[in-house]
Amino acid sequence: MILSEYSSKYPHRRYDPLRGEWVLVSPHRTERPWLGNTEKKSDSKRLSYDPGCYLCPGNVRASGAVNPSYTTTFVFQNDFQALLSEIPDLDPSETVTQHSDIFQSTLVRGECRVICFSPRHDLTLPKMEETEIASVIDLWKAQAAELLQKYRWVQIFENKGDIMGCSNPHPHGQIWASSSLPNILSAEEKNLKVYYEKHASPLLLDYLSVEEKEEERILVKNEDWAVVVPFWAVWPYETLLLPRVPIQRITQITDRQRDSLAAILKQFLGLYDRLFDTSFPYSMGWHYAPGPVPENELTASSPEIAHWTLHAHFYPPLLRSATVKKHMVGYEMLCEPQRDITPEKAAKTLRELLPK
Ligand code: H2U
Ligand code: ZN
């Protein structure tokens, strides 16, 4: 048992070894009275094609571009990119500016794309067939393979639900590729490496083997993958999807692993939808060994990336109903994140929604 007696009763802090940060857990607070909102939000019925949707096949986007009549997945360059691949008329010596230890800036190159998961406006990943989810995984892999040859980081993610600021219910995700490694990836890179140098074994595979023995925080698993509520989860129903065998990059997923990944995604995202009887909002994204990598090394594992394990983080904002979300405010903005229900309790609640 890695949990002591106190951890289900008294305030304690847990360590996130990926980020190298602590979270405050306050299990004794779950009985406090709640005077806020709890009503169920009714999910409006959606049509399979919406003439006003900028992602549906054949429709016109804000840029004036017309979507093709796509029948599976569709990827296009974001019409409002946060990063640009070409920055003209600039002397390379001016791309890093360090006036002092206080004022620093550096230019970053990149590209942003939007991925439609399905031509159907009314679907979500868990409502799609496993073969259709497998096509999305193939596209994630192909996009990573293309962009990792040019960029240090390729972030594949999905923002789902208007509560997460998602602009359109049509099932879609995004990709942002950048010439620099963003903060959270830098932290993971550093922490995974330090652990590997000390233990000669990847942190996340060691972590999962303990979770598999303990079982308490495991939601579901199949031959290749497992989903846990991580020991250090910050969001009430946060989860981590991990391979049970070494995979360092999303580009290394085999066809068999892709099919079992599609199956576990459908299974566990279904639990999420059942939790508050709503199409469950979240931000999710893949983390894996960064680039840039030459094409011939994309599908190989090498000693330089042995500390990495491919994984997906799911961060859902909801706390106690389809409308009541956790706010990261006050102490959390000023000190560190805090949660009331323990990760063990959250895992148990989600597991109870598995078909009997
Ligand atoms: P969200 O689902 O997180 O709102 O992102 C949708 C993206 O789609 C957003 O980044 C882009 C926005 O810039 N977009 C287009 O590229 N073309 C459009 O016609 C509208 C929105
Ligand atoms: Zn649509």
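This is a predicted model: local features need pLDDT of at least 70, side-chain atom pairs count only at pLDDT 80 or more; totals for chains, interfaces and linings use all residues.
Me: Which atoms hold the zinc ion (ligand 2), and what makes them donors?
Reply: The zinc ion (ligand 2) is coordinated by Cys-53 (SG), Cys-56 (SG), His-121 (ND1) and His-170 (ND1), at 2.0 to 2.3 Å. A donor has to be an N, O or S atom within 2.8 Å of the metal, so these four atoms count.

Me: How are the donor residues of the zinc ion (ligand 2) spaced in sequence?
Reply: The pattern reads C-x2-C-x64-H-x48-H. Both of the cysteines, Cys-53 and Cys-56, are buried.

Me: How do you know that the length of helix α1 agrees with what a helix should span?
Reply: Helix α1 covers residues 130–147, which is 18 residues, and at 1.5 Å a residue it should span 26 Å. Its end C-alpha atoms are 26 Å apart, so the two values agree.

Me: What about helix α2?
Reply: The reasoning can be repeated for residues 183–199: these 17 residues should span 24 Å, and the end C-alpha atoms are 24 Å apart, so this helix agrees too. Just after α2, Ala-200 takes a positive phi of about 55°.

Me: How does α4 compare with its expected reach?
Reply: α4 has 21 residues and reaches 31 Å from its first C-alpha to its last, close to the expected 30 Å. Just after this helix, Asp-277 has a positive phi of about 55°.

Me: Which residues of α1 are buried, and what covers them?
Reply: Buried means under 20% relative accessible area. In α1 the buried residues are Ile-133, Ala-134, Val-136, Ile-137, Leu-139, Trp-140, Lys-141, Gln-143, Ala-144 and Leu-147. Their cover includes the strands β3 (74–77), β6 (110–116), β7 (153–160), β8 (172–178) and β12 (282–287), as well as helix α4 (255–275).

Me: And which residues of α2 are buried?
Reply: Leu-185, Glu-188, Glu-189, Asn-191 and Leu-192 are buried in α2. The buried residues of this helix pack against β7, α3 (203–214), β12 and β13.

Me: Why is Glu-297 called partly exposed?
Reply: Partly exposed is the range between buried, under 20%, and exposed, over 50%. Glu-297 has a relative accessible area of 38%, so it falls in that range. You can find Glu-297 in the loop between β12 and β13.

Me: What makes β12 mostly covered?
Reply: Six of its six residues are buried. Both faces are covered: Tyr-282, Met-284 and Trp-286 lie on one side, with Ser-283, Gly-285 and His-287 on the other.

Me: How do you know that β12 pairs with β7 and with β13?
Reply: Two strands pair if there are at least two bridges between them. β7 and β12 have four bridges, in the antiparallel sense, and five bridges join β12 to β13, again antiparallel. For example, Glu-158 stands opposite Met-284, Phe-157 stands opposite Gly-285, and Trp-286 stands opposite Ala-312 in β13.

Me: In what order do the strands of the nine-stranded sheet come, and which are its edge strands?
Reply: The order in this open sheet is β3-β6-β8-β7-β12-β13-β11-β10-β9, with antiparallel pairing. The edge strands are β3 and β9 (218–221), as each pairs on one side only. The twist averages 20° from one strand to the next. Helix α1 packs on the sheet, and its direction makes about 165° with that of β6. Helix α4 lies across strands including β10 (225–228), and runs at about 25° to β10.

Me: Why are β1 and β14 placed at the edges of their sheet?
Reply: Three strands form this open sheet, in the order β1-β2-β14, with mixed pairing. β1 (12–16) and β14 (338–339) each have a single partner strand, so one side of each is left without a neighbour in the sheet. β1 and β2 (residues 21–25) pair in the antiparallel sense over five bridges, and the bridge partner of Arg-13 in β2 is Leu-24.

Terms used:
Residues are numbered from 1 along each chain as its sequence is written. Chains are lettered from A and ligands numbered from 1 in the order in which they are written. Side-chain values use heavy atoms; hydrogens and water are left out. Helices (H or I, at least four residues) and strands (E, at least two) are DSSP runs, numbered from the N terminus. The expected span of a helix is 1.5 Å times one less than its number of residues. Buried means under 20% relative accessible area, exposed over 50%, partly exposed in between (1.4 Å probe, protein chains only). Contact means heavy atoms within 4.5 Å. Donors are N, O and S atoms within 2.8 Å of the metal (3.2 Å for Na, K and Ca); water is not among the atoms, so sites may look incomplete. Axes are lines fitted to C-alpha atoms, for helices over the stretch in contact, and angles run from 0 to 180 degrees between N-to-C directions.
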